[in-house]
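Please look over the sequence and structure below before reading on.

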Amino acid sequence: MTENERDLMNRKNIDYYHALNDIDRNFILHIMNELSATTIKDSDLRTLQDDLVSMAAEAESSGTTLEDMLGTSPQQFCS
């Protein structure tokens with residue numbers, strides 16, 4: 001993947017993130033804050049965040065939340 005493709009993907013995911021409801025945005029933010037204090041590489045965190053944003057958008061389109069879709073709380077997800 002080229003640098004331009006990565007930049008485009010990042011911009012799209014930022015737009016998708018801001019379009020999510022507050023519940024899903026807070027769920028993702030809590031997970032990212034917890035995991036950013038670990039030794040997980042930034043690139044892996046970014047990939048995880050992109051995946052969570054996509055999953056949250058899918059959950060919303062199905063009328064549910066990301067937490068319900070995953071069946072776990074942010075704390076359990078991070079442990």
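**Helix packing and core**

α1 and α3 cross in a left-handed manner, a crossing being left-handed if the near helix is turned anticlockwise from the far one by less than a right angle, and right-handed if clockwise. The model is a predicted one, in which local features need pLDDT of at least 70 and side-chain atom pairs count only at pLDDT 80 or more, while totals for chains, interfaces and linings use all residues. Residues are numbered from 1 along each chain as its sequence is written, and side-chain values use heavy atoms, with hydrogens and water left out.

**α1 with α3**

- Helix α1 covers residues 3–19; helices (H or I, at least four residues) are DSSP runs numbered from the N terminus.
- The axes of α1 and α3 are 10 Å apart, at an angle of about 45 degrees; axes are lines fitted to C-alpha atoms, for helices over the stretch in contact, and angles run from 0 to 180 degrees between N-to-C directions.
- α1 and α3 are therefore oblique to each other (angles under 35 degrees count as roughly parallel, over 145 as roughly antiparallel, 65 to 115 as roughly perpendicular and the rest as oblique).
- Met9, Asn10, Asn13, Tyr16, Tyr17 and Ala19 of α1 make the contact with Arg46, Asp50, Val53, Ser54 and Glu60 of α3, where contact means heavy atoms within 4.5 Å.
- This contact of α1 with α3 has five nonpolar, three polar and three charged residues (Ala, Val, Leu, Ile, Met, Phe, Trp, Tyr, Cys and Pro count as nonpolar, Asp, Glu, Lys and Arg as charged, and the others, Gly among them, as polar).

**α2 with α3**

- α2 and α3 pack with axes 10 Å apart and an angle of about 160 degrees.
- That angle makes α2 roughly antiparallel to α3.
- The α2 and α3 crossing is right-handed.
- Residues in the contact of α2 with α3 comprise nine nonpolar, two polar and two charged.

**Nonpolar core**

- The largest nonpolar core has twelve residues, among them Tyr17, Phe27, Met32 and Leu66; such a core is a set of buried Ala, Val, Leu, Ile, Met, Phe, Trp, Tyr and Cys residues joined through side-chain atoms within 4.5 Å.
- α2 (22–36) and α3 (42–61) each supply at least two residues of this core.
- The largest share, five residues, comes from α2.

**Single residues**

- Methionine 32 touches Leu45, Gln49 and Leu52, not counting residues up to four places away in sequence.
- Asparagine 33 lies in helix α2.
- Asparagine 33 counts as partly exposed because its relative accessibility is 49% (buried means under 20% relative accessible area, exposed over 50%, partly exposed in between, with a 1.4 Å probe and protein chains only).
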